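Notebook open, viewer open. I'm going through this one piece by piece and jotting down whatever I look up.

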Amino acid sequence: MGKIYTAMGLMSGTSLDGIDVSIIESDGNREFLPIYDKYFEYDEELINKILKIREKITNTEDLNSYSDEIKDLERDITLFHVEAVKKTLEISKLSVDIIGFHGQTIFHNPETKTTKQLGDGRLLSQLTKKKVVYNFRQNDLENGGQGAPLTPIFHNVLANKINKKFKVEFPINILNIGGIANITITSDWNDLWISNKLYAYDVGPGNCLIDEWIRKNSKKKYDNEGLLAKSGKTDKLVLNQALENFTENFDYNKSLDTKDFSIFFAKGLSLENGAATITDFTAAFIANGMSYAQSLSKKRIYKWLVCGGGRKNEYLLESIKDNFEQKINIDPIDIYEMNGDFIESQAFAFLAIRSLENVPISFPSTTRCKKPLTGGTIVENF
């Protein structure tokens with residue numbers, strides 16, 4: 001590698017709030033420079049359509065049963081992305097070589113090698129007149145992988161930048177709290193390919209259960225800064241029973257979907273007490289995952305960098321820390337001149353470049369695939 005590309009990444013997460021758009025400059029290897037970030041909020045009608053179809057899709061057969069409805073919604077979502085791309089390029093006055101288009105996940109099941117992200121890459125390419133990479137996860141699934149998480153190689157680039165600029169020593173570990181929470185154990189780039197030290201795991205729910213509880217029990221979309229949870233009281237009996245039920249056969253080698261969890265256990269609790277109980281449930285999963293990661297490291301890990309929307313939930317972060325007997329630091333990645341809201345959209349711009357260069361985006365130690373794999377469908381439909 002060596003050529004520096006200007007790439008755009010489009011990310012719409014399981015929180016269903018909208019699209020993150022990022023423009024970066026990178027060689028898809030060690031060089032990375034964030035250029036521009038912008039957020040586009042979904043309108044209520046589109047959010048409700050996505051929620052409705054996501055609740056209907058519980059297995060692979062449902063994807064066929066509701067194919068017409070899915071196709072219509074996919075077009076709506078793609079057109080929303082098209083407008084976001086055009087507005088971003090117009091406002092930023094930038095041009096891009098390629099677009100990484102993640103799409104909106106409505107179903108993910110590695111056991112059946114099925115993942116569905118709504119987003120028509122060919123239509124996006126046609127209407128934006130740009131080369132597009134989409135369908136990032138399928139090749140990994142077809143080769144024994146879990147299809148997620150895909151951002152670890154990008155997390156490792158960020159960790160190396162932080163190490164170089166701010167003299168932060170390895171291990172630098174990244175906790176991403178999106179709809180699902182995942183962790184990346186990063187490594188010094190010079191050691192990475194020698195000792196294969198890049199590890200990643202989905203560790204449990206992130207914002208998905210908290211957001212669902214708030215949406216279904218109030219007119220709000222999420223628990224701002226965890227204030228509702230903070231004003232409530234955790235039902236310990238409900239919490240402990242739920243943790244026992246959900247953690248019994250938990251496997252860190254499997255990727256997760258929001259449908260792997262449920263807020264049913266909090267039924268009957270008040271808005272505030274349910275928020276507190278579900279947030280503590282989420283925190284316990286994340287803390288267990290962090291403990292698991294620490295058990296794999298030769299050096300004791302006390303410092304974590306957190307990105308994603310969940311980093312703004314102060315109650316959640318404090319609850320995670322409360323699960324550890326010894327003090328643990330969880331710092332927002334923003335203190336190292338990174339924008340924690342746009343890490344994933346920047347990541348898919350970076351992965352688009354790697355796809356174009358035909359180099360791996362997933363690895364046996366990150367997605368459990370059989371060998372390092374590239375991924376994504378590249379289309380130039382104009």
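Predicted model: local features only at pLDDT ≥ 70, side-chain atom pairs only at ≥ 80, totals over all residues.

**Cis prolines.** I started with Pro171, which is found in the loop between helix 6 and strand 7 (173-177). Helices (H or I, at least four residues) and strands (E, at least two) are DSSP runs here, numbered from the N terminus. The peptide bond from Phe170 to Pro171 is cis, with omega near 5°. I also looked at Pro149, in the loop between helix 5 (138-142) and helix 6. A cis peptide bond joins Ala148 to Pro149, and omega there is about -10°.

**Ground rules.** Residues are numbered from 1 along each chain as its sequence is written, and side-chain values use heavy atoms, with hydrogens and water left out.

**Whole chain.** I noted 14 helices and 12 strands. The C-alpha trace spans about 60 × 50 × 40 Å along its principal axes. Next, the radius of gyration, taken over C-alpha atoms; the globule rule is 2.2 Å times the number of residues to the power 0.38. For 382 residues a compact globule would come out near 21 Å, and the chain has 20 Å, so the two agree.

I then checked burial: buried means under 20% relative accessible area, exposed over 50%, and partly exposed in between (1.4 Å probe, protein chains only). By that rule 55% of the 382 residues count as buried. The chain exposes about 16,900 Å², with carbon and sulfur atoms supplying 46% of it. Those areas come from the Shrake-Rupley method with a 1.4 Å probe; for residues, only the protein chains shown count as cover.

For contacts I used heavy atoms within 4.5 Å. Of the contacts in the chain with a separation of 6 or more, 72% are between residues 24 or more positions apart.

**Helix 6 against helix 13.** How do the axes of these two helices cross? Helix 6 (residues 152-166) and helix 13 (residues 343-356) have axes that come within 9 Å and cross at roughly 105°. So helix 6 is roughly perpendicular to helix 13. The axes are lines fitted to C-alpha atoms, for helices over the stretch in contact, and angles run from 0 to 180 degrees between N-to-C directions. Angles of 65 to 115 degrees count as roughly perpendicular, under 35 as roughly parallel, over 145 as roughly antiparallel, and the rest as oblique.

I listed who makes the contact: Ile153, Phe154, His155, Val157 and Leu158 from helix 6, and Ile343, Gln346, Ala347, Phe350, Leu351 and Arg354 from helix 13. These residues divide into eight nonpolar, two polar and one charged.

While on helix 6 I clicked Lys161, which lies in it. Lys161 is partly exposed at 31% relative accessibility. Leaving aside neighbours within four places in sequence, Lys161 touches Phe32 and Met338. I ran a distance to Lys236 too: 75 residues apart in sequence, 42 Å apart in space, C-alpha to C-alpha.

Leu141 lies in helix 5 and counts as buried, at 1% relative accessibility. Beyond four places in sequence, its contacts are His108, Pro110, Lys113, Thr114, Thr115, Gln146 and Gly147. Gln104 sits in strand 4. Is Gln104 buried or exposed? Buried, at 0% relative accessibility.

Lys93 has a positive phi of about 60° although it is not a glycine. Lys93 is in the loop between helix 3 (67-92) and strand 4 (98-109), and it is exposed, with a relative accessible area of 73%. Arg368, also not a glycine, has a positive phi near 70°; I found it in the loop between helix 14 (364-367) and strand 12 (377-379).

**Last stop.** Asn29 lies in the loop between strand 2 (18-26) and strand 3 (32-41). Asn29 is partly exposed, at 22% relative accessible area. I put its C-alpha 20 Å from that of Val168, 139 residues apart along the chain.

Conventions:
Nonpolar A, V, L, I, M, F, W, Y, C, P; charged D, E, K, R; others polar.
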